[in-house]
Amino acid sequence: MNIAALVCYKPGERSRLLYRLHLYSGRKGESKTFGWMHYRDLILSAHAQLGAPIVLVWDNLNLHLVLGMKTFAAEHADWLTVVQLPAYTPDLNPTEGIWSLLKGGALANLAATDLPQLVRVIKRALKKIQYRAHLIDGCLPQPA
């Protein structure tokens, strides 16, 4: 199972968490993990939901750097700006704070009996975070 998430901030509005889960079931021709097109679709969905230009701050995940993503960003430069984080700066990435909330909360000491249970727990935890903007705000790095 893989999770892609966007932590969204807009001055004067509540913060948002948008995410997608990808489950690999072993079917022939099925992708084992997220591809750059899955990230593209998440960004397009975010743009439609937010109805505003997006400044995307990304870490150095290899899929964020592939030609397809770069081409997509260039084609949508009228509403999409991509800022690449320097290497080894997880403290600047708000999404890392979301993973920390999951690991320290719902997933702490969890011994899931099967994948469907793990998926339910993760979806429930992410949904709770989505409705608590102060948790999402807490993941935004503060100036020193």
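Predicted model: local features only at pLDDT ≥ 70, side-chain atom pairs only at ≥ 80, totals over all residues.
1. Residues are numbered from 1 along each chain as its sequence is written, and side-chain values use heavy atoms, leaving out hydrogens and water.

2. Helix 4 covers residues 115-130, and its end C-alpha atoms are 22 Å apart, which agrees with the 22 Å that its 16 residues should span at 1.5 Å a residue (the expected span is 1.5 Å times one less than the number of residues).

3. Which residues of helix 4 are buried? They are Val119, Val121, Ile122, Ala125, Leu126, Ile129 and Gln130 (buried means under 20% relative accessible area, with a 1.4 Å probe and protein chains only). Their cover includes strand 1 (2-8), strand 2 (16-22), helix 3 (94-104) and helix 5 (133-137).

4. Now for the rings: the whole structure holds 3 aromatic pairs (ring centres of Phe, Tyr or Trp, the latter by its six-membered ring, within 6.5 Å; planes under 30 degrees apart are stacked, over 60 edge-to-face, the rest tilted). Tyr39 and Trp58 make an edge-to-face pair, 6.4 Å centre to centre with 85° between the planes. Because Tyr39 lies in helix 1 (residues 36-50) and Trp58 in strand 3 (residues 54-58), this pair ties together parts 19 residues apart in sequence. Both Tyr39 and Trp58 are buried.

5. Phe72 and Trp79 are also edge-to-face, because their ring centres are 6.4 Å apart and their planes at 75°. Phe72 and Trp79 are buried too.

Technical notes. Helix = DSSP H or I, 4+ residues; strand = E, 2+ residues; numbered from the N terminus. Buried < 20%, exposed > 50% of the residue type's maximum accessible area, 1.4 Å probe, protein only. Contact = heavy atoms within 4.5 Å.
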